[in-house]
Amino acid sequence: MTATRPPLLEVEHVTMRFGGLFAVNDLSFSAARKQITAVIGPNGAGKTTLFNCITGFYKPQVGRMALHHDDGPVLLERLDDHRIASRARVARTFQNIRLFARMSVLENLIVAQHQDLMKASAFSLAGLLGLARYHKAEKKALERARYWLDKVGLLDHADDEAGSLPYGSQRRLEIARAMCTDPVLLCLDEPAAGLNPRESHELNGLLTGIRDEHGIGLLLIEHDMSVVMGISDWVVVLDYGRKIAEDTPERVRRDPAVIRAYLGEEENEDLPPEVARDVEEDS
Amino acid sequence: MAATRSITWRGALTDAFVGGLVAAALALPMLGFRLVDSALALSVGFRLDWVLWAALVVFAGRLALNLLRMTGGLPDLRLGERLSARMGNTRHWASWAMIGFATVLPFLPFSDRSLVDKATMVLIYVMLGWGLNIVVGLAGLLDLGFVAFYAVGAYSYALLSTTFGWSFWVCLPLAGLFAAGFGVALGFPVLRLRGDYLAIVTLGFGEIIRVILQNWQDLTGGPAGISGIPRPTLFGLPFLARAPEGGQTFAEFFGLKFSGDHRVIFLYFVILMLALLTNLFTLRIRRLPVGRAWEALREDEIACRSLGLNPTTIKLSAFATGAMFAGFAGSFFATRQGFISPESFTFIESAVILAIVVLGGMGSQVGVVLAALLLVGLPEWFRELQQYRMLAFGGAMVLIMLWRPSGLLSSRSPTISLGGGK
Ligand SMILES: Nc1ncnc2c1ncn2[C@@H]1O[C@H](COP(=O)(O)OP(=O)(O)OP(=O)(O)O)[C@@H](O)[C@H]1O
Ligand SMILES: [Mg+2]
């Protein structure tokens, strides 16, 4: 992160309370452009809540969230959820997949391009009258949809009902749909959940591809440590709503505080002996 | 309902017996009593044999159904699916055939004035069904007060034409606009509601409109309604026996002998055109961003918001568009009847329109036509059944819902494919 250019996303002192429960507690971190920033933590640590704050579904009681575009910052806490997607260009996926299940795969991707199509069609009037202007915009939207269908390997299923796809394909479709909104920041809530190892491996390729080819920032919630360690550039660790560590993947996995909070079983084996003893005594 | 449970003889008998008991309990108040009009006074008579028959019929029917299930299911239960699939393949062909038939209907040898009249009635409901289909079928907003917009359209036309003397064709778009305005007015307070809650509020809205119409004596004439509503003309040619000063009637202009049938047929074609316009609009808008946004909203509102779709404008546009078509239909209703009163806009109308949409298969345009024929057309034919009409109607509904729980036609084809914009 250079001093001259602020990071893509700056989260400062964000607190989200539900009654007496601090789901996110005085959290500050930043996410860089062209990097995958992983947010990890045990169940109930507040990861999804953090995403809901960033994408406007919750309004945090305290804190500031700034998204730095090339033409200046956008303060996310001031925008409605749909404006965060359209104005700030933050896209997201959901922990429990939210596709338009009874619409076709392709339609899901076209709906994601609603803003552009709406503008081009003058609120559908141009389309109703069958003007050429609308056809051009629709063609462009189809091209983009085709590109992403190809990327996620669903080109052959374009006309299938989204709800009828196998689980892994639905996850990928949700990512494709989010990318069709042309975001600068993509937030993924456990994209590898429920995937088999092969699918999970393909997902890694897809995500690093998005980072390297499209130059956007990714924010990634993930429980699967092979994904986190494999592809993320920076890791933020939450526990009970607080940030307990923030570092590169290699260093985070050796951080005693992290290990204490986040007892990933598969990590235990390759712990340094002194840390392993630490953990043993703690539990 | 017992499709997954394996059914035993014992179970089948018990189930049928319970069914019979329920039928007897229901039939007692409905069929068991009879007013006897003797010369001196009214007295209550009993018809317990009828109750017994009703119970027996239900018992036997239920038993037969259970036995059929025991022996491997209803024989032709998949008829509906096949019909749907068939319609999918030959949808174009079937729709054109229907339109063709509707166009020549008034000139067929067997059609008479009353048939055309009934067909007009059915078409009003087809149009209302198509209008509501936008709100319920596409946008997924359960609206139980749809009749309010129908009423607004009817009263708009009635008031504009009787007060200012404007013609039907001028008032029609205005009535549509007014109704759309009311659609937005209803939309605002219910933006945050979905499902059951939305249904209850819209139901209340429908009643409020009716009560206002009933009580705003000065404007709406209260329960007495508005009469003397001008009839539509064909480019200024009235359908009258004798022309007004300096004018010409339709019959004179075309050198025909005057007949009351002309107006009936003309009205039929007006509503046919309006209904087809509604259909064409819906088919088109489904392929446009707004239409897709409606469907996306029905599927998942939260996902919509995460993609930058503004649910407020999407919902309001759905309410407004559906209401507009109800407004058109309302104007037509007013000009056809020549007289309107709040009586015509009760909750039961909303219920019938909703039933048409649900029965047809949410979102299916052809389904709406079939359901309207079934729900509005058939009861008209079976007027002979008199007070048992509604009973037969209810029975038919139950049977259809058993046979096709998701509506008559419920297949959906994508609105866009990679091949091109089609
Ligand atoms: N809308 C809400 N109302 C009340 N409490 C909530 C709400 N949303 C989240 N919480 C609480 O906030 C805490 C954090 O939840 P959150 O879903 O953010 O966890 P998470 O880190 O995503 O967990 P997981 O890994 O299981 O997805 C939990 O204790 C949860 O019960
Ligand atoms: Mg979560």
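Predicted model: local features only at pLDDT ≥ 70, side-chain atom pairs only at ≥ 80, totals over all residues.
View 1. An oxygen atom of ligand 1 sits 2.9 Å from an N or O atom in the side chain of A:N43. Residues are numbered from 1 along each chain as its sequence is written, chains are lettered from A and ligands numbered from 1 in the order in which they are written, and side-chain values use heavy atoms, with hydrogens and water left out.

**View 2. The shell around ligand 1.** Which residues come nearest to ligand 1? Out of 14 residues around the ligand, they are A:N43, A:K47, A:T48, A:T49 and A:Q95; a residue is near a molecule or strand if one of its heavy atoms lies within 4 Å of it. The shell splits into 5 nonpolar, 7 polar and 2 charged residues. For that count, Ala, Val, Leu, Ile, Met, Phe, Trp, Tyr, Cys and Pro are nonpolar, Asp, Glu, Lys and Arg are charged, and the others, Gly among them, are polar. Helix α1(A) gives the largest share of the shell, 3 residues. Helices (H or I, at least four residues) and strands (E, at least two) are DSSP runs, numbered from the N terminus.

**View 3. The magnesium site.** What coordinates the magnesium ion, ligand 2? A:T48 does it through OG1 and A:Q95 through OE1, at 1.9 to 2.1 Å. The two come from distant parts of the chain: A:T48 is in helix α1 of chain A, while A:Q95 is in the loop between β6 (90–92) and α3 (105–111), 47 residues apart. Donors are N, O and S atoms within 2.8 Å of the metal (3.2 Å for Na, K and Ca), and water is not among the atoms, so sites may look incomplete. A:T48 is partly exposed at 25% relative accessibility, and A:Q95 is partly exposed too, at 32%. On this scale, buried means under 20% relative accessible area, exposed over 50%, and partly exposed in between (1.4 Å probe, protein chains only).

**View 4. Two positive phi angles in chain A.** Most residues other than glycine have a negative phi. A:H13 is not a glycine, yet its phi is positive, about 50 degrees. A:H13 lies in strand β1 (residues 9–18) and is partly exposed, with a relative accessible area of 46%. A:Y240, also not a glycine, has a positive phi of about 45 degrees. Look for A:Y240 in the loop between β9 (234–239) and β10 (242–247), where A:Y240 counts as exposed at 68% relative accessibility.

**View 5. A:H223 and its side-chain contact.** A:H223 belongs to the loop between β8 (217–221) and α9 (225–231) of chain A. Its side chain makes a polar contact of 3.2 Å with the side chain of A:E190. At 26% relative accessibility, A:H223 is partly exposed.

View 6. B:Q365 is in helix α16 (residues 365–381). Is B:Q365 buried or exposed? B:Q365 is buried, with a relative accessible area of 12%, and a 3.2 Å polar contact ties its side chain to that of B:N133. B:L67, in helix α2 (residues 48–70), is partly exposed at 24% relative accessibility. B:L67 and B:L13 are 54 residues apart in sequence, with 9.3 Å between their C-alpha atoms.

**View 7. The domains of chain B.** The domain assignment gives domain 1 (9–70) and domain 2 (81–403). Their centres, taken over C-alpha atoms, are 37 Å apart. The bounds come from an automatic or database domain assignment.

Conventions
Polar contact = N/O pair within 3.5 Å; in protein donor to acceptor, adjacent residues only side chain to side chain.
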